[in-house]
Amino acid sequence: MSDKTATFKKLGLLLVVGILFAVFFQMGWHEQLTFENLKAQQDELRASTEANKPLWILGFTIVYIVMAAAQLPGAALMTIAGGVLFGFVVGTLVVSFASSLGATLAMLVSRYLLRDTIQRRYGERLRTFNEGIERDGPFYLFTLRLIPVVPFALINLGAGLTTMRTWTFYWVSQLGMLIGTAIYVNAGTQISQLESLNGLLSPKLWGAFVLLAALPFLARWIVGFVKARRVYRQHTAPRTFDYNVVVIGAGSGGLVASLIAATVKAKVALVEKHQMGGDCLNTGCVPSKALIRSAKMVHYAKRAKDWGFKSTEVDFDFADVMDRVHDVIKTIEPHDSVARYTSLGVDCVAGEATIESPWQVRVGDRVLTAKNIVVATGASPFVPPIPGVNEVSPLTSDNLWQLRELPKRLVVLGGGPIGSEMTQAFARLGSEVTQVEMLPRILSREDPEISDMVRDRFEDEGIRVLTGHKATRFGVDDGQRYMVCENADGKERRIEFDQLIVALGRRARVKGFGLEELGVEIAKNGTIRADEFMRTNYPNIYVCGDVAGPYQFTHTASHQAWYATVNALFSPIKTFKADYRVIPWATFTDPEVARVGLNELEAKEQGIPYEVSAYGIDDLDRAIADGEAYGVVKVLTRPGKDKILGVTIVGPHAGDLMAEYVLAMKHNLGLNKILGTIHTYPTLAEANKFAAGVWKKANAPQNLLAKAEKFHAWRRGKPLSSQTRAAAAAVMLLGLVGIGGLACNTQGSQDATDPTASVSAPTPTAESAIEPFSDATLARVLAHVDDNGLVDYAALAADPADLDAYAAALATLDDDVVNGWDENQQIAFWSNAYNALTLQAIVEAFPLQQPADDEGHPRGIRWIPGVWDQRTFNILGREMTLNDIEHQVLRVEFDEPRIHSALVCAALSCPPLRNEPFTAEHLDDQTRRFLGHDNRFRIDRDGDKVYVSKILEWYGEDFVFSYEPDEGFTGTNDAERAVMHFISGYVDEGDRTYLEAGDYTIEYLPYDWALNEQ
């Protein structure tokens, strides 16, 4: 559907509502619908109702639904009228269903008219709100429905702007309005005793409603209280406590937690069994960066010619390098020492902590009692149980710092940040390093081109990088250590080494200090399960740092420590939810890789439209002068907006450069602000400004610049063209007759057709398929489809048991189960159901009695009489036609060309069912395979032609709303341009650039009608 068509439909709907309002007031119904009239005519109305009650019920229900849907005034009086006409029981039932249906229609009208525009423009700002609605929307809707003072029309309007499901809105409204409905209907049965509508609700009754509305909140508190009592029931709290907080673990999180507690004058004990400073100081960040720095100096010496030196030699002993690493640790140690923290008011306790109860921590012979406990025990390196790994004495980030001799041959197992940092550092110091990674890329969380930049540098420095290789076993042969790994093709490779570093991530330390015995819940990923306030299932036990996840960074541990400590000390008076919106991180390879917010991988996975602005650091003056001209600043923004979604920087000091973007994202500053900030020349920080300049150039107002060019030409004395002079005269004339009003209308039109709203990245796939519908029943149906997608209709007609079994499964599936799936899973479910039921309809009508088109081709299932829009199927307990499924679900509910266009319906699914089911993780892959077939899409660069499936011409209008580009892409109309834009999201970069250029003509390939035949 094009933007113009959608706009006309919305205007038509507004017109209908406007007509209803006009008729309502023009006919004087608002004057007739009064309490006095209702009371005066109650006897006549009751008599008429008794004469033909079914007809009155039907008429009353329709009128009530229309009034509620159009938000016409008089709902309260109509509810009372329900009691007058039908009595308490029948009146309550009629009004309850009519009011809920009307409210739902009003909500849907609001959603149709306004939600897309609101979500498109403010979707990023509303993300947290939408997540809250997804999680607690029914709870808050129910509460609002219990308070009559809150206008229900306003609730309906507001709910339409959210992502709440229609069914959820209906049943919550039905339940929430029931009590108020009953009270008003009962008032109708007692109308003769009422003097006025104002006397219906006394102050006591209003108070009762308010208390009733508070009931859900009270219930939530009671549930929390009961849960707390349940976990505490086996424990007895001390009457007094030694400390306000006991912190277990003196790493980054524990140090910050204890410091915050001491700063606000709470009494705090910090327990550490090994070394103050934890992993970061002793085995992590500090020693690794010290080693990386030394290795970089050696590397600089090897690059002497890059700075104008003929040669430079560095003579070093690896043991001296490691001594320097330990000297750096000792220099920083006082920052985290017992002496310093004791002076700050922290009671530092050395020893191994054991949590004996929610309020007691044993350290040796001493038992510490505390009102709250903060667990900050960190994480330890993970060594997988690969056969023979212990025989080769693997090194990890914990113990590699004890090395005194440089390994001649080193294997690093792992391609993440730690593995990559150590790989490069040891290689620069002289080891022959082989890095082995099971995934296709090192630094797999980064965008592919970012990973490639680092890998290219590694290979230039002589490092052997083996991606797609899985370690299968280790061993020692005649004193020689070796590893056997297997690539994706199953081929084995033997690698001999002197030392092995295992860098496959870290596991949270959750065992050995009482958590298991106490019953503290552990998440599936091995971390301690905590809520948004950093609380465990014991409300007085908090967590922070690596043991809590999801980020294992020193700065994140400090960030979490603030929330854990403040909530522990001041709950329930004041609590704070942990904020993870702007979390930066860096990998200290050379080049460094730093990131904050989204990258392209995550934006595609989450279905967030974005625009990329990239500036190459190889063009930066300071980087060139420093001999470090390598890398990129890559910024993701909202299409057409300067709002920053995420930044990736690759290059020298990337971690330092990132701070400016972290500040900008934290305080909602856009690229315009960065571009307008003075950056010292020449510095690396200028790269941030130039990246903002790339965005500004791509989003320059071309129309305004064209007008400026003409203006400057006029200022230079260059005569204007006759057309320009005529246009100027017309503008002046319009100004004389009211250009102000025209400008307002024009602005409104521009807002309604905001070009940024029509650009959308392809929707990402989910991570998991729908298990209930990839089972044997569906597989038996698919067995009747050959490799070309042709269906054996005759065999299915002769033995329809497989189709019938699948259809029966659709009918019995619980609606709540489907509503619990994510969007891609639901899309796959409905598409599979649609396809299978289409086959069932064809089989029931076999042989097909359908007319052919002008070229003699069969028309398809829509031309089988009574099948498309009359034959009903039971899905989730609801009777639906194929027309209902396509329009109400695939078109309206999901509203996505990927699904409701003929590209999917005719080419990937029905009339013949393709020989593979839809799965949530393969929706885009199925589209790519379709486009990868020469009979459906191909490019002839020599002939300047692009051949496209006929299907995309037939249903091209379906793509206009979501895929209409601002510029580029060829075509004779909006539909063709939108189709080419859609296709560009599923081809490689070279083809995408060619399609964007638009220097070609489009020809449509004939559709293979054999797919529709028997």
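Mentor: pLDDT is the predictor's confidence in each residue, on a scale from 0 to 100. This is a predicted model, in which local features need pLDDT of at least 70 and side-chain atom pairs count only at pLDDT 80 or more, while totals for chains, interfaces and linings use all residues. Residues are numbered from 1 along each chain as its sequence is written, and side-chain values use heavy atoms, with hydrogens and water left out.

Trainee: What pLDDT does the protein average?

Mentor: The average is 80, and 78% of the residues score at least 70. Over residues 737–774, however, pLDDT stays under 50. Contact means heavy atoms within 4.5 Å; for residues 737–774 the model has 74 contacts beyond four places in sequence. Residues 900–914 also stay under 50, with 59 such contacts in the model.

Trainee: How many helices and strands does the protein have?

Mentor: Helices (H or I, at least four residues) and strands (E, at least two) are DSSP runs, numbered from the N terminus. The protein has 41 helices and 26 strands. Among its contacts with a separation of 6 or more, 67% are between residues 24 or more positions apart.

Trainee: What percentage of the residues is buried?

Mentor: A residue is buried under 20% relative accessible area, exposed over 50%, and partly exposed in between (1.4 Å probe, protein chains only). Of the 1014 residues in the protein, 46% are buried.

Trainee: Which residues of the largest nonpolar core touch the most other members?

Mentor: In soluble globular proteins, nonpolar side chains tend to be buried together. A nonpolar core is a set of buried Ala, Val, Leu, Ile, Met, Phe, Trp, Tyr and Cys residues joined through side-chain atoms within 4.5 Å. The largest one here has 54 residues, and V246, I355 and V375 touch the most other members. Setting aside residues up to four places away in sequence, V375 touches I248, I355, F513, I528, I541, Y542, V543, C544 and V547. A second, separate core has 36 residues, including V298, L400, L403 and L410.

Trainee: Which residue in β9 stands opposite L410?

Mentor: Two strands pair if DSSP finds at least two bridges between them. Strand β8 (residues 409–413) and β9 run parallel and are joined by five bridges. L410 stands opposite V433 in β9. Strand β9 (residues 432–437) is mostly covered, with five of its six residues buried.

Trainee: Is S258 buried or exposed?

Mentor: S258 counts as buried because its relative accessibility is 0%. This residue is found in helix α12 (residues 252–263). Beyond residues up to four places away in sequence, S258 touches V247, V268, L270, Y341 and V346. The side chain of S258 also reaches the backbone oxygen of L255 at 3.0 Å.

Trainee: Where is T648 found, and is T648 buried or exposed?

Mentor: T648 is found in strand β21 (residues 644–651). With a relative accessible area of 2%, T648 is buried. Leaving aside neighbours within four places in sequence, the contacts of T648 include E446, I450, A594, R595 and M658. T648 and L636, twelve residues apart in sequence, are 8.6 Å apart in space, C-alpha to C-alpha.

Trainee: Is E391 buried or exposed?

Mentor: E391 is exposed, because its relative accessible area is 56%. The place of E391 is in the loop between β7 (379–381) and β8. Apart from residues up to four places away in sequence, E391 touches G475 and V476. E391 and F474 are 83 residues apart in sequence and 7.5 Å apart in space, C-alpha to C-alpha.

Notes: Polar contact = N/O pair within 3.5 Å; in protein donor to acceptor, adjacent residues only side chain to side chain.
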